[in-house]
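Hello,

Here is the structure I said I would pass on. Please look at it first, then read the notes below it.

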Amino acid sequence: MEQFLQQIASGLANGAIYACVALALVMIYVSTDHINFAQGEMAMFSAYISWQLMDWGMSFWVAFILTVLISFAMGVLIERLILRPLHNAPVLSIIVVFIGLLAIFNSMAGAFWSYLIKEFPSPFPKADFGIAGVIGPHQLGVVLVTLIVLGLLFVFFRYTPLGLAMRAAAQNPQMARLVGVRVDWMLALGWGLAASVGAVAGIMVAHIVYLEPNMMGGILLYAFASALVGGISNPAGAVAGGFIVGILENMVAYAGNQIEKATGIYIIGNGEKLTVALIIVIFVLTVKPAGLFGRVVVKRV
Amino acid sequence: MAALLEVSGLKAFYGQTQSLYDVGFEIPMGGITTLLGANGAGKTTTLRAICNMVRTDGTIRFDGKNIRGMATEEIVRQRIAHVPEGRGTFTTLTVDENLRIAAYTRKDKQAVKDELERVFVYFPRLKERIQQQAGTLSGGEQQMLAIARALMLKPRLMLLDEPSFGLAPLIVLEIFRILRRINEEEKVSILLVEQNAALALDLATHAYVLETGKVVMSGPSDVVKNDENVRKSYLGY
């Protein structure tokens, strides 16, 4: 039982990370119809920035906040300088640019900070935090931090005029212009926010997977799966999808272990959890192509 | 009467294709002007050209200031409200959000609140549906929402692209009654593009007739209404 709860808890912690990256993907998808393949590498780069700031002597949370702000600026600049000129370019050109960005961030991180694995600190106190035997301090911290970030984003998009303008610009850019919304800037802000959310994920996961230029590769894949399971155009769905995928992958490994324990036959274990999770994702999408929480778009004419 | 909007030598292009040739007209302050014409004559393009949504050449003066070439969102900030073809509903937003978005640049929250109440005087039905997702409204309600949203911009000039499109005759009459009230009570000048020429000529004080991207006739609505060609081509008698 204790092991079962542990697996759920660590699934929640991983799921929180997937949820953040999935949300970053969805935020860009809803306004541009593109999946930013470089989202993971941008998050990795942000994690390195915060490592660097801490190396220069800043405390974890100061570095955290600074990194989120720097990442925001980085996202805005990428949109303004690189994607804006490609505004009317065919989809394939944009995909190539995303892949290019992925490679650039990866090799820049390698060049600046080397490919050697670095340890990344956890800001959460070792003792008296978390629930003994169920959830560790860092896991609990990750879940709390992501929930706070997601809550802030929800309030921003739901209750502020700027959030409303961003939603309007994503939904109907032409009409948004006709009510005076500066749509181009809304897109850039969306990139900034996505980069910031990604940065939170990168910083939180770096302690778990260690800091190295390829640390986000698998996570981006999980996040993509999460976004698809939740419904690629539904931010809340993407977040739910993140937690579902996080728990699912751990449950797969846990079930495999239990079967092996009971029967002595090895069917699945930790090594196969990604495969099985992705099979389940494909199954979900076959049955519900719009994702669990996505709505099939029906246009009224 | 002084002209609020003066358009002269207006050309418009979609890619390589030119669709307006030397269009010129004037909209008097406080009046209702209509643009008539068959399908493809360039009515919608003219409205889109005013808001810089197509590539243009020529002069467009609003209140004496040349606005041609300004970004769409800046033109809107001069208080020109465009109610586009197809109503431009933000389908996933609520009715309330659809209206508030038009006031998002304004800081004064109380003024926006008052504005909403004033808009609901014209469109009480929208108030009943305030928290409903706008995509679920009927066609007539969405047209009302589009006009209400334009009103939230506190416009001096309202451009309307076929407000009667696809609506039942009774709803159309209701909407045109409201437009007349808006013109009189809010002092909003109106440029109306309509397929329904009889209706448009009743509402408008001035009319321009477009044919294949050129103005072929203009004058007070009464005169245009009685022109033999207009009667045969657009009024059907």
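The largest nonpolar core has 167 residues. Within this core, the residues with the most contacts are A:Cys20, A:Val21 and A:Ala22. The helix that gives the most to the core is H8(A), with 18 residues. Keep in mind that this is a predicted model.

Apart from neighbours within four places in sequence, what is A:Cys20 in contact with? Its partners are A:Thr146, A:Val149, A:Val197, A:Gly198, A:Val200 and A:Ala201.

Helix H1 of chain A covers residues 2-32, and helix H8 of chain A covers residues 183-209. These two helices pack with their axes 8 Å apart, at an angle of about 165°. Because of that angle, H1(A) is roughly antiparallel to H8(A); an angle over 145 degrees counts as such. The crossing in which H1(A) passes H8(A) is left-handed.

On the H1(A) side, the residues that meet H8(A) include A:Ile17, A:Cys20, A:Val21, A:Ala24 and A:Thr32. On the H8(A) side, among them are A:Leu187, A:Trp191, A:Val197, A:Ala201 and A:Val205. Sorted by class, the contact of H1(A) with H8(A) has 16 nonpolar and four polar residues, and no charged ones.

H8(A) also packs with helix H3 of chain A, which covers residues 60-83. Here the angle is about 140° and the axes are 7 Å apart. H3(A) and H8(A) are therefore oblique to each other. Their crossing is right-handed. By class, the contact of H3(A) with H8(A) divides into 17 nonpolar, six polar and two charged residues.

Last, the two chains. How many residues of chain B are in contact with chain A? There are 20, and they touch 15 residues of chain A. Two helices of chain B, H2 (72-77) and H3 (95-100), each supply at least two residues of the side that touches chain A. The largest share of that side comes from H2(B), with four residues. In terms of class, the side of chain B that touches chain A has nine nonpolar, six polar and five charged residues.

Regards

Notes: Residues are numbered from 1 along each chain as its sequence is written. Chains are lettered from A and ligands numbered from 1 in the order in which they are written. This is a predicted model: local features need pLDDT of at least 70, side-chain atom pairs count only at pLDDT 80 or more; totals for chains, interfaces and linings use all residues. Two residues are in contact if their C-beta atoms, placed from the backbone, lie within 7 Å. Ala, Val, Leu, Ile, Met, Phe, Trp, Tyr, Cys and Pro count as nonpolar, Asp, Glu, Lys and Arg as charged, and the others, Gly among them, as polar. Axes are lines fitted to C-alpha atoms, for helices over the stretch in contact, and angles run from 0 to 180 degrees between N-to-C directions. Angles under 35 degrees count as roughly parallel, over 145 as roughly antiparallel, 65 to 115 as roughly perpendicular and the rest as oblique. A crossing is left-handed if the near helix is turned anticlockwise from the far one by less than a right angle, and right-handed if clockwise. A nonpolar core is a set of buried Ala, Val, Leu, Ile, Met, Phe, Trp, Tyr and Cys residues joined through C-beta atoms within 7 Å. A residue is buried if 20 or more other C-beta atoms lie within 10 Å of its own, exposed if 12 or fewer, and partly exposed in between; C-beta atoms are placed from the backbone.
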